[in-house]
4 protein chains.
Amino acid sequence: MKKIKVGVAGYGVIGQRLADGVALQDDMELVGVADVAPTLSVRALKEKGMPYKLFTAMPDNTAALDEAGIPISGSLEDLVQQVDIMLDATSAGIGLKNKEIYKKYGKKAVFQGGEKNTVADVFFHGYANYEKGLGADYLKLTSCNTTGLIRAVDCLDREVGAEKVAITIIRRVADPGDYHRGLTNALKIDKAPSHQAVDLMTIMPHVEATGILIHTPVTHGHIITVVLTPKKDISVDEAIAIFEKHPRIRVVSIDEGFLGNASLFRYARDLGNPRGDMYEIALWKDSVVKSGKDLMFAINIPQESVVIPENIDAIRAAMEMQSDRESGTSETNKYLGIGTWKK
Amino acid sequence: MKKIKVGVAGYGVIGQRLADGVALQDDMELVGVADVAPTLSVRALKEKGMPYKLFTAMPDNTAALDEAGIPISGSLEDLVQQVDIMLDATSAGIGLKNKEIYKKYGKKAVFQGGEKNTVADVFFHGYANYEKGLGADYLKLTSCNTTGLIRAVDCLDREVGAEKVAITIIRRVADPGDYHRGLTNALKIDKAPSHQAVDLMTIMPHVEATGILIHTPVTHGHIITVVLTPKKDISVDEAIAIFEKHPRIRVVSIDEGFLGNASLFRYARDLGNPRGDMYEIALWKDSVVKSGKDLMFAINIPQESVVIPENIDAIRAAMEMQSDRESGTSETNKYLGIGTWKK
Amino acid sequence: MKKIKVGVAGYGVIGQRLADGVALQDDMELVGVADVAPTLSVRALKEKGMPYKLFTAMPDNTAALDEAGIPISGSLEDLVQQVDIMLDATSAGIGLKNKEIYKKYGKKAVFQGGEKNTVADVFFHGYANYEKGLGADYLKLTSCNTTGLIRAVDCLDREVGAEKVAITIIRRVADPGDYHRGLTNALKIDKAPSHQAVDLMTIMPHVEATGILIHTPVTHGHIITVVLTPKKDISVDEAIAIFEKHPRIRVVSIDEGFLGNASLFRYARDLGNPRGDMYEIALWKDSVVKSGKDLMFAINIPQESVVIPENIDAIRAAMEMQSDRESGTSETNKYLGIGTWKK
Amino acid sequence: MKKIKVGVAGYGVIGQRLADGVALQDDMELVGVADVAPTLSVRALKEKGMPYKLFTAMPDNTAALDEAGIPISGSLEDLVQQVDIMLDATSAGIGLKNKEIYKKYGKKAVFQGGEKNTVADVFFHGYANYEKGLGADYLKLTSCNTTGLIRAVDCLDREVGAEKVAITIIRRVADPGDYHRGLTNALKIDKAPSHQAVDLMTIMPHVEATGILIHTPVTHGHIITVVLTPKKDISVDEAIAIFEKHPRIRVVSIDEGFLGNASLFRYARDLGNPRGDMYEIALWKDSVVKSGKDLMFAINIPQESVVIPENIDAIRAAMEMQSDRESGTSETNKYLGIGTWKK
């Protein structure tokens, strides 16, 4: 089987993980990654012996990379020419510029949640609308919170129907090691409705959604509480059983020791997962309650890694490697080792 | 007019503020406060020149107080004998023991949210059930979150009816200066439903309530998001107008600079409020949204001071100083300077 | 006695406190304060009923102030013409621009630590070099950390001589309510030597100083550890006795309950100090240790308020209200209530 | 070659890493680990397929482990009988109890910094006093801060002599995922001198040491500033060159992007190190300054993993696998991959 050739633009928090995720797919080949400066991530790549080739988006300005002794394999344009599809994980706004290069060489691309919706033909989520991505040239992924949220809402929606949701996003404000942003001893509120609720309605137009987002001074995982009005009244246990079946949802409990977002980060480290990452969202069994017919529950979103599987799904859809949601997401899961721990 | 004589047991975070609040009431007299050790609060009382008499709950064990040079005016029992009613703000569980002393001398008492409900005859909230407290001997106040939450829910309920609420409590984990508890770079989830939702139903049995509580590592104010199903469909502007009328609710906006809980603390400090306290909860105008008929909004709870007005209300009810909710809460508000800034 | 007329430019964290401090001096008159926008501080001024007149630095652009209903008493230029001296607490860099206005009207000015040294004729500290400020037209105050640090070093230097100091500044990264800067779950190191060590040598050129600064995600007070090589070998108790005598140093202990910077903030709130401010630095008795002849100790710097007294001292020096350090600082202390709690 | 058989008691933060470290040594065999409850770490071990055998310290009380489906290979006593030496990483105080079991079966043991010094015959540090550990039955390792600190001080001491040190420890207060302790928006000071300074003098009695410790609300790495009086005056560059040669010290700089403790954690994650761990301390090149002859510099201590190499060294010394410091530490470094990135 011919492997799909993939490049990654932007070797930051998301880009690194996309590269690692693609490298795990037997039916894909990671041609290389592109970045512009000797960031810590690029320095770590060098210290590891350059397992991935590095291309530079600024071929005329390599002094800093050279000084740091980072070997360069060519320009971003060189990389684009060698691939079938690009995953663009550059800073918000750069993707739109890069799209010109992708277009120039007739290559498909997948953009991240930070880009404007107009950058892409399809606003994509592996589980919620895989089929819309089939053969598309430009796809944009949902952001980390929306990706995780839609997994949970779509999961219930397919079984019992979802009428409306009201979400509260308790957002981690920075990633571990971030020094360019932060919040100290403060909660910060955004104007409502949160974009995640709006985005959910774009992907799942049959569901009404609203929400409030509060930033909190922590780094390991967002927590979202969801109030969901189902079409069909189900019990707490039935809801949990539905979540248990989803490969990308981990059902956990406080009694087991999962006391919050930091427990999940610790658990992923103890599992030996690279970087302490987790692809699954977690759903707390002990958080599921009802008010009338409404279900309320809390999920944890590992912001650095949660979008990786759906990005791989996007490659599968765009390149038509698998023609339906079930087989596309299953292949991704298989190579990422997702769901294997569920008997 | 004869002033009602009040004593305060426990001179900690809440006790100090109760004492200050009582001292502001023209129709009450603060006889004294009781504590057991030379805490920072007691040391500050001394440095201020003992504006309040200090009684000790452990009259046989005053070595530490003596060594710190704190003058003692008698025992807790002495204090109890001199008052008409006690406000008990001791640590959870101590109130139940102190009740024996109050009983012994036939004195009424008001307990705080940390005590078990069984300590009291009435579970009290100044706005939601003032009349239930009339003449009662033992009242228990709702906790800080529940007190603030009920203000907002009761306020809407009286105008349009509230069917059910689903709350997400984003809880500050410690007060400024707390060293005996804390949380570092972690969100922590409690088992659902939160006790605040349950407590709300005790006070307002006609409303169905559930909720999830998440602890966050901050010290200035809880934020609660509320999804409320009203009996009557109202617009966002109508909801805001209702909140605007409540004396103990401040309607604020992000555009004015109220970016989160810490903005409200800063504002209260800049107002010159003692300790930077605020008696009002804040409601963010820009957080009010709708999903179907449901209203969603966010409120800020200044945890150290929010219960003070309702405690004063409790004295008024228990001592039958005012016979109805409207006049009881109005007197409290007048002396605490609440609502004066609303034209 | 004719009162010295003072204006304050910039009504932010420092400016507000300068205004309050000046207003407490019987021999000074606060003419007004200047700011440009309806910040929370300006909104609080309005809610308090405009105890201080507000002038605007942007008289052609008052739309936002007008919309917020803030009454304006004139322009910054109007204010400058009515005063003898200006305290400039605007954002770093603005002071230099404002200096043109002060010059135009022949008015003296005191700038804050954020401005470049070249803005002023004298780099000033009330205790370390009061006499240098006598009659000066433009003075620049040391920053909050340097101000507090010099108090402690100068205090020992005058008694036993200081040869050299090596400091570690454990810096609070933001003030309560700051949302424009922050740090989350991270310590951040600056390049050494820290500017505070360099500044100390400018003010006290006979002392050699170096230091390292680490930012920490907290809001209540910097802590500085000082390793000081004295000229004369003294005991720990002798050192403590010297610190005890300084009016602007509070000697505290862990045993009393002062467990860290947040305890001091709490204590100041419990004292009823406006905004929970404290003018004194704190020195932990239980932190004073020796290594050979070297003394090591830790001090707490209340960053929002520590520079206020030395700013008032600067007015006294510049206006030649008192001709020497002892009488100048004593008058400031008297009106600010500093040191009264020391018998 | 016969492999040394090692067991690990306590499978927590340190125990897990000890197990992983031992498993990497070609001349050692990890027989198993012991714990008492289905903690998250033990659950992760199970999800990974039990790469290490689990023994239980409470063989009569296995209900919780059984319920969680964790297979048990025997009791702690069973484990002890199968090994040559135990690494005890149980909670402070338990090690002393466990020592009875080790004694009963005539097995050597290495205890961690939390145990009292009296638990062991030798207070050990791989670089500072390897030879003292040769053939010893019971060794106690220095704590994480002391271990890292001594690396740096010993490193300079061997080259130029160290007379005295004054340290400021800016301590992370909890590990990622800790919910049983924490600190929120506060710095906390301990009574001086810090135990780390005292411990340094126990290991290096020819050096005078004192220090102050401040707890900070972060989770990724302690930072220590050291003021060191060398016997011989050396330049900043000479000092850096000395640190560069030490295999367990990484010399980093702010210019490269290492802005603080969180940068090092991020870098270790990006390196792909299991759990994002780093065995080396980091020393900031840009922090090294001088005051007179004194050197001042800052180091970063990765608290979860820094003691692992010295623990392995302790096995080598106790079992007399290598007879001197140089060869003992080199073998440890080789198997842990330490220093390989230094050309």
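Figure 1. The side of chain D that touches chain B comprises seven nonpolar, four polar and two charged residues; Ala, Val, Leu, Ile, Met, Phe, Trp, Tyr, Cys and Pro count as nonpolar, Asp, Glu, Lys and Arg as charged, and the others, Gly among them, as polar. This is a predicted model, in which local features need pLDDT of at least 70 and side-chain atom pairs count only at pLDDT 80 or more, while totals for chains, interfaces and linings use all residues. Residues are numbered from 1 along each chain as its sequence is written, chains are lettered from A in the order in which they are written, and side-chain values use heavy atoms, without hydrogens and water.

**Figure 2. Extent of the interface of chain D and chain B.** About 1,000 Å² is buried between the two chains, 56% of it on carbon and sulfur atoms (accessible area, 1.4 Å probe, lost on putting two parts together, summed over both). Chain D and chain B each bring 13 residues to the contact (heavy atoms within 4.5 Å).

**Figure 3. Surroundings of A:Asp35.** A:Asp35 lies in strand S2, residues 28-35 of chain A (a DSSP run of E, at least two residues, numbered from the N terminus). A:Asp35 is buried, at 13% relative accessible area (buried means under 20%, 1.4 Å probe, protein chains only).

Technical notes
Helix = DSSP H or I, 4+ residues; strand = E, 2+ residues; numbered from the N terminus. Buried < 20%, exposed > 50% of the residue type's maximum accessible area, 1.4 Å probe, protein only. Lists of a residue's contacts leave out its neighbours within four places in sequence.
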